[in-house]
Amino acid sequence: MMNIQPLQRRSDLDWLRVLAVLTIFIFHTTRFFSLGDWHVKNPDTYLSVEIWAFFITRWAMPLFFLLSGASLFYTLEKRRGAFSFIKDKTLRLFVPVVVAVFSHSLLQVYLERLSHHQFSGSLIEFVPHYFHGLYLGVGSTGNFAFHGMHLWYLLILFIYGLMFYPFFYWLVNRGENILGISGRLMAKPGLMYILLPLPLLLMKITINEAVLSVGNGGWGFLYYIWFLMAGFMIISSKPLQETIQRQRRSSLILGIIFSGIFLILKFGSVNESGLPAQKLVFFVFSSISAWAWILTITGFGMRYLDSNHPFLKYSNEAVIAFYILHQPVILCIGYFVIQWPVPDAAKWIMISLTSFAGTMLLYEYIVRRFDIFRFLFGMKLKSTRISDNK
């Protein structure tokens with residue numbers, strides 16, 4: 001028999017989801033000052049910020065997909081059927097992407113073109129240019145952001161949800177033994193640090209690099225499949241969750257050690273752009289580090305965040321709208337702030353505080369209160385929430 005957690009709302013998962021979005025928010029406020037190119041850049045950039053940014057990309061989006069895999073498990077445990085599943089994912093994930101493509105994605109591309117001196121003129125004048133070519137990332141010559149800019153995560157999650165629904169459904173209804181055996185195996189001392197990174201390494205070795213390199217958030221899109229599946233598997237196994245919680249301090253130590261190693265490899269004289277063997281070594285340390293931090297965060301979350309609070313209910317409802325809104329707000333404010341003749345630390349503080357306040361004000365007084373905006377941002381309608389609570 002598969003040893004699974006009882007079907008109930010997990011406060012620790014909700015807290016981790018909220019904290020993950022806040023981490024991405026902070027990450028995006030620092031992108032003005034990192035070495036790598038972005039939509040809008042500060043005149044001065046810093047290696048220290050680039051190291052921070054690279055460290056965050058190792059585990060942040062993988063954690064998002066792992067939490068999404070856990071949510072998929074609970075969704076399928078409700079056994080509402082394929083139509084209900086597709087409807088829910090379409091409303092919560094796909095609709096916000098479509099809305100973004102024709103609204104705030106246009107605004108973000110416009111600000112990038114202004115910042116990079118690739119266009120001069122008003123937003124209205126830019127609208128016809130927005131439909132010239134596909135926007136494939138910073139540096140792309142096309143403008144049409146079909147993926148919704150930072151909402152690529154929602155689009156990929158929507159696609160993977162539909163693609164793997166039959167497999168996940170089968171696991172819940174017929175593959176309990178597979179989930180149970182996998183969970184118990186990984187729960188054995190030390191094995192999760194080997195078996196969880198292993199599929200990433202196998203993909204690296206067997207799949208053409210040109211295919212694997214297509215992605216965003218620091219990883220190729222194909223790698224996120226494993227993080228999604230791993231979240232599904234972890235949340236189905238009580239023994240594995242107990243091991244993750246029990247070994248949280250060991251995971252933290254491993255995360256610190258392997259992060260130090262791969263950051264030295266990345267920013268030292270030897271990095272992943274060298275010989276194939278060097279690339280593989282770098283990837284091994286990077287993958288183990290990513291999983292160590294994911295296991296650290298989830299382990300401490302299971303131990304200390306399994307408590308409900310009125311603030312959590314509000315935050316959990318706001319989290320998807322906050323994620324959708326935060327980047328265009330950051331870019332709009334940052335575009336002007338980086339031009340101020342003040343210290344860069346003051347710029348970052350101003351961008352962070354005003355962007356957070358602006359995002360929350362938009363959510364609280366526009367999105368949250370009107371059903372039309374709730375629908376466009378993938379939230380439950382107020383009437384639906386009332387009927388659910390009866």
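Which helix of the protein has the lowest mean pLDDT among the elements, and which the highest? Helix α18 (residues 382-389) has the lowest, at 61, and helix α16 (residues 344-367) has the highest, at 98. The pLDDT is the predictor's confidence in each residue, from 0 to 100. Over the protein it averages 92, and 94% of the residues score at least 70. Residues 1-6 fall below 50, and this stretch has 18 contacts in the model beyond near neighbours in sequence. A contact means heavy atoms within 4.5 Å.

This is a predicted model, in which local features need pLDDT of at least 70, side-chain atom pairs count only at pLDDT 80 or more, and totals for chains, interfaces and linings use all residues. Residues are numbered from 1 along each chain as its sequence is written, and side-chain values use heavy atoms, with hydrogens and water left out.

Start with the overall build. The secondary structure comes to 18 helices and 2 strands. These are DSSP runs numbered from the N terminus: helices are H or I with at least four residues, strands are E with at least two. The C-alpha atoms fill a box of roughly 65 × 60 × 35 Å along the principal axes. The radius of gyration is 21 Å, which agrees with the value near 21 Å for a compact globule of 390 residues. That radius is taken over C-alpha atoms, and the globule rule is 2.2 Å times the number of residues to the power 0.38.

Buried residues make up 50% of the 390 residues. Buried means under 20% relative accessible area, exposed over 50%, and partly exposed in between (1.4 Å probe, protein chains only). Among contacts between residues at least 6 apart in sequence, 73% join residues at least 24 apart. The accessible surface comes to about 18400 Å², and 68% of this belongs to carbon and sulfur atoms. Areas come from the Shrake-Rupley method with a 1.4 Å probe; for residues, only the protein chains shown count as cover.

Now return to helix α16. Ile 351 lies in this helix. Is Ile 351 buried or exposed? Ile 351 counts as buried because its relative accessibility is 0%. Leaving aside neighbours within four places in sequence, its contacts include Thr 29, Phe 32, Phe 33 and Val 337. Ile 351 and Leu 331 are 20 residues apart in sequence and 9.0 Å apart in space, C-alpha to C-alpha.

Leu 362 is also found in helix α16. Leu 362 is partly exposed, because its relative accessible area is 32%. Helix α16 gives the largest share, 4 residues. Both α16 and α17 (371-376) supply at least two.

Next, the charges. Side chains of opposite charge can pair when their charged atoms come close. A salt bridge is a side-chain nitrogen of Lys or Arg within 4 Å of a carboxyl oxygen of Asp or Glu. The count by this rule is 9.

Arg 10 pairs with Asp 12, with the closest N and O atoms 2.8 Å apart. Arg 10 is buried, at 9% relative accessibility. Asp 12 is buried too, at 1%. Arg 17 and Asp 14 meet in another salt bridge, at 2.9 Å from N to O. Both lie in helix α1 (residues 11-30), 3 residues apart, about one turn of the helix. Asp 14 is buried, at 6%. Glu 209 bridges to Lys 204 at 3.2 Å, and Glu 209 is partly exposed, at 41%. Glu 364, Arg 368 and Arg 369 are linked in a network of salt bridges.

Finally, look at two loops. Most residues other than glycine have a negative phi. His 117 has a positive phi of about 55°. It sits in the loop between α4 (104-115) and α5 (123-130), and it counts as exposed because its relative accessibility is 73%. Met 149 has a positive phi near 60°. Its place is the loop between α5 and α6 (152-173). Met 149 counts as buried, at 4%.
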